[in-house]
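Dear colleague,

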Amino acid sequence: MLDFNVLIPETAEPDKLWDLIILGGGPAGLTAGIYAARYKLETLLLEKSIVSGGQLTATQWIENYPGFREPVLGKKLAADMEAQAKHFGLKVISENVQSVNLADEIKEIETDYAKYQAKTVIIATGSSPRRLGLSDEQKYAGNGVSYCSTCDAPFFKDKVVAVVGGGNTAFEEALFITKYASQLYLIHRREEFTADRIFQDKVFAEPNIKIITNSVVTGLNFDLQVGRSLNLQNTISKESSELEVDGIFIFIGNLPNTALFTQQLELDEGYVVTNRKYETNQKGVWAIGDVQKGVLRQVATAVGDGAGAAHQVNKYLVENH
Amino acid sequence: MPMLDEKVMSEVKKVLAAMREPVTLRLYTQELECAYCKDTHTLLDELVEANPLLKLEVIKFDEVKEDAAKEGIDKLPAIVVVGERDYGIRFYGIPAGYEFSALLNAILMVSTKIVKLTDETKEFLAKLDKPVHLQVYVTPTCPYCPPSVILAHQLAMASKMVRADMVEASEFPHLVQKYSVQGVPRTVINEKWFVEGAAPEAMVIAKIKEALLDA
């Protein structure tokens, strides 16, 4: 079935002083945008992709977002959130942020193309897939190494693939990839999995998925297009082995997208430190969603954060400006 | 039932209202051995209804093979987005899913002549004196792909030396094999150099410079 997405990057006038600039268009940022727009705050959302939704767009099905008894497509949920936010007047533009100045009263955000100013900023930059850290990993990204199953799984039709990870993402994505792959090895460094039991049951019931526990990938033998393999090491016996695969999907958690803020915000292991009001250590700057330290990273929690932070921003603007 | 339903069509009309100059979608097609020619033809038939400035020209590939080859058309279906001239903006395979947005962007860009590139890139393109052929491999379900396609098409728009193709990977398995595409977006520069993923403008330009130096 063919579908057709209509997403056109807009532009925003750079000379305007915005009430609020939201960095990042995932579910947290979009929800903050919906609420802020309904508070009638002049709000600009910057998203580096032209497709809003963040990690939602790279997720096939969402099964645990309230209100959808049947699983909802991640990209559909994302597109609907964006349309809803725009309907209330949120301005969304697709520009990559180069640098920020969050310390002063007026915050400055510089993109590849322009500089924007705002009274307040909400950081909703989320996180990106963590790499395994193998020397050849970057070299084979897009040619055997993948971090996005909705993007790349179709290239592995009737092929043998490995999925690395033991959490919800690894299990959900394994179930999706197995629709294409003829054989799937799920490799995890521990004996136990952190994925929800509902996913574990589904994966264990899948005849084409073989589980390899207590093992780590130590090398990619991907020089040739055929006859590829992985080097594995058992974490207990320390024994090495080789596993023939055509490609590898890596879902071993995420790293926060906070490189822009290292000099300006209090971070802990890269995550932005926030309090229960989503405040950061900078006045006029809030952080929501996956980018925060020590939170559950779900669509449901992200949207809650978005609503809460927009409320805090509105209160702050009423009191301070 | 139409391919573009009422809701999509009304969104399309809204965004294409920004068109200024006429745009022709030149579709190269053939009846046999082209899995998506028919669907692409239907799609474009419906799309051009959205704005009177938009026209469709259907060309039977068999009848113009040699002329088409001169324009670099070597696979089907092919869409060339033509404005005042042919800027080298091409789509191979059906522009469905997220790539439909890339097609709308190309139409708007050609129609308004507005490109969004940094001054550094514009300077580089102004001095560019060697041909650059960009092929951006995509799948319709890849949310990270349209920015790469749009960037490539902007470069083509801004320089006569650049030709930029969107290539829908699943329709051209031999090319997927040839360029070892197992992930998208993957941008192929002058047949031999590659950019993985949705790389920012500066990174793509740096890779093009590298390709030109090595050539």
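In chain A, helix α1 (residues 27-38) packs against helix α2 (residues 74-87) at an angle of about 25°, with their axes 8 Å apart; axes are lines fitted to C-alpha atoms, for helices over the stretch in contact, and angles run from 0 to 180 degrees between N-to-C directions. Helices (H or I, at least four residues) and strands (E, at least two) are DSSP runs, numbered from the N terminus. α1(A) and α2(A) are therefore roughly parallel to each other (angles under 35 degrees count as such). The contact is made by A:P27, A:L30, A:G33, A:I34 and A:A37 of α1(A), together with A:M81, A:E82, A:Q84 and A:A85 of α2(A), where two residues are in contact if their C-beta atoms, placed from the backbone, lie within 7 Å.

Please bear in mind that this is a predicted model, in which local features need pLDDT of at least 70 and side-chain atom pairs count only at pLDDT 80 or more, while totals for chains, interfaces and linings use all residues. Residues are numbered from 1 along each chain as its sequence is written, and chains are lettered from A and ligands numbered from 1 in the order in which they are written.

Chain A also holds an open sheet of 5 strands in the order β10-β17-β11-β12-β13, with parallel pairing (two strands pair if DSSP finds at least two bridges between them). Its edge strands are β10 (145-146) and β13 (209-212) of chain A, each of which pairs on one side only.

Between the chains, 28 residues of chain A are in contact with 36 residues of chain B, and the largest share of the chain A side, 3 residues, comes from helix α3 (residues 149-152) of chain A.

Best regards

How values were computed
Angles under 35 degrees count as roughly parallel, over 145 as roughly antiparallel, 65 to 115 as roughly perpendicular and the rest as oblique.
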